[in-house]
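User: Can you walk me through this one? I'd like to start with charged side chains.

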Amino acid sequence: MTARDVETKVRQVLSEGGYLSPEQLVEVDHHAQRKGLALTDALVKTGFLDEAQVLGLLSEATGILFRPELPFGSPVSPLPRTLPIQNARKHNIFPFRDPETGAICLAANHVDDEVLENVRTLFAEEVQPVLSTRRAISEAINRTYERSSESAGNVIEDLENGDLAIRVSELEEPQDLLDSSDEAPIINFVNSVLYEAVKERASDIHVEPFENDLSVRYRVDGVLHNVHSLSKKLHSPILSRVKIMASLDIAEKRLPQDGRIRIKIAGKDIDIRVSTVPTSFGERAVLRLLDRSQVLLGLSEIGMGEDHLRAVERITTSSHGITLVTGPTGSGKTTTLYAALTRINSADKNIITVEDPVEYQLAGISQIQVNPRIDLTFANGLRSILRQDPNVIMVGEIRDLETAEIAIQASLTGHLVFSTLHTNDAAGAVTRLIDMGVEPFLVASSVNAILAQRLVRVICAHCKEQFEPLPEEMEEIGIEPKELPEGGLWRGAGCVHCLDTGYLGRTGIYELLVVTDSIKATVLRNPDSGSIKRAALAEKMRTLRQDGARKVLKGITTIEEVLRVTQEENGHAPV
């Protein structure tokens, strides 16, 4: 079937099914001609239909089966040697053997008879075409071509006995770690650790030297896990390899260094921030992993209750004022701010941010990276932003009085300002600003709301089970016996999907303090955070722990997890 035949049939299905109006179809045609696109690609690019809908139309027009998900566990053997990963990615195809019929199928997101015929010749068998999305094909390719024989655990023996020297020829970075054919043990091990960490959803990798050994740990869902214990002799070559990748000085081992690695791992664009510090047993390194290809979450996807969500959406549509998000490092503050900015982002708004660092690129929003070396601080960046005629401003963090005063003046002159503070709860943000030197009347008149948050681990759906909790456990978190669901609460038993932790993924718990007239009156009296919190509780504010208790009753997380993240670090009163 020629491309022209396919397009004719798709047009017929579009017309008969009433998917687009005649005007919309004309717009699609104009876009296709202007950009040199096929009709199916233009339908997606113009936004009238998503990829799955277009593939459904293509399936209806051609009779080729559409499979949204692919059985990547059933590749045609030996696929990696027969069809290299570069070719599979170039043509966006994935050959697999149907688990039910045993027939060879070729998944693609388009109809291409020439590619299909080439694959038939390659495998010397009949091959059935199948339609699937780019995401499904990419995931199947990455999972199938994973070099399991070269996992971090399996190369440790090679490292113990192999050549540990790093040669100049080893400094070139592969475009994608799965494409690398380098067999040098140190490079192999570091690549495998990076791939393994991404596969296990780790946010950080810790490489820590001790007196007799070298420890590698991953932080998954906010908790560190011991993964590898290596011989101490591997410490220097592994650190050198990491420093080379991050463009750091491998000869300097006495001073802390910071660098950055930009790399692809299994088709994902990963940004890695590297920090090294000298310790008594040698340099240790922490690698922070940031998946730049990850889809940003919206306000409705970060775990807010319906009442919190409605209130936050109302606050984000205000014309002026400051909204603060508070919590410790790693509590998801940036994700929440990005979700809020994405929610209000539109062509009629000028939104500018000043951040340290810029973690994700937001389409349609101007983002400024703080650079203290050239005196581009939060305060100086904020001053410059105000001369750019903004409607909405985001300041990554209010760290000092100067930044706080400029942000407040901006909010009082008709700008909507978002920022973060490091405080234990929402009420503490007010006293933090006052302690910085901001006058109470300025805080009362400029701050719209304060959102405190924490991240709690979500119970693994694969090993979820019910149990009867102890009365003292329920009392500590504030759950009444009459609130207990039938069968009790939930917990994870531990399985291969969750590294035997019982948890898989994280969600947020929130404490929203809306600055009402009553709260303003309390702030003007320059009280402590306890007085502000009592005033907010009188207006039905839900604390972090109370919000966590709701998620425990819904089977989202556990009592232990909520207590872990809502207990102050020094063991004093709970949040």
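Predicted model: local features only at pLDDT ≥ 70, side-chain atom pairs only at ≥ 80, totals over all residues.

User: Which residues are linked in a network of salt bridges?
Analyst: D307, R542, D547 and K551 are linked that way.

User: Where do D547 and K551 sit in helix α21?
Analyst: They are 4 residues apart in helix α21, residues 544-553. That separates them by about one helical turn.

User: Is D547 buried or exposed?
Analyst: D547 is buried, because its relative accessible area is 1% and buried means under 20%. K551 also counts as buried, at 6%.

User: How many salt bridges are found in the whole structure?
Analyst: The search finds 26. One of them joins the side chains of K243 and E283, at 2.9 Å from N to O. That pair links distant parts of the chain. K243 is in helix α11 and E283 in strand β9, 40 residues apart. Both K243 and E283 are buried.

User: What about D356, what does it form a salt bridge with?
Analyst: With R399, the closest N and O atoms being 3.4 Å apart. D356 is in the loop between β11 and β12, while R399 is in the loop between β13 and α15. They are 43 residues apart. D356 is partly exposed, with a relative accessible area of 35%. R399 is partly exposed too, at 45%.

User: New topic. How many residues does the largest nonpolar core have?
Analyst: It has 44. L324, L433, V443, I450 and L513 have the most contacts inside it. Helix α16, residues 426-436, gives the most to this core, with 6 residues.

User: What is L433 in contact with, leaving aside its neighbours within four places in sequence?
Analyst: L324, I398, A404, L421, V438, V443 and V447. Apart from this core lies another of 32 residues, among them V198, V220, A285 and L289.

User: Now pockets. What volume does the second largest pocket have?
Analyst: About 590 Å³. The pocket is lined by 24 residues, and A38, T40, D41, N109 and H110 lie nearest its centre.

User: Which helix gives the largest share of that lining?
Analyst: α3, with 5 residues. α1, α3 and α4 each supply at least two.

User: And how does the lining split by class?
Analyst: There are 11 nonpolar, 6 polar and 7 charged residues.

Terms used:
Residues numbered from 1 in each chain as written. Heavy atoms only, no water. 1 Å grid on protein atoms, 1.4 Å probe; cavity = no way out; pocket = protein on both sides within 12 Å on 5 of 7 lines; lining within 4 Å. Points joined across faces, edges and corners; volume = space filled by probe spheres on them. Nonpolar A, V, L, I, M, F, W, Y, C, P; charged D, E, K, R; others polar. Core = buried A, V, L, I, M, F, W, Y, C linked by side-chain atoms within 4.5 Å. Buried < 20%, exposed > 50% of the residue type's maximum accessible area, 1.4 Å probe, protein only. Contact = heavy atoms within 4.5 Å. Salt bridge = Lys/Arg side-chain N within 4 Å of Asp/Glu carboxyl O.
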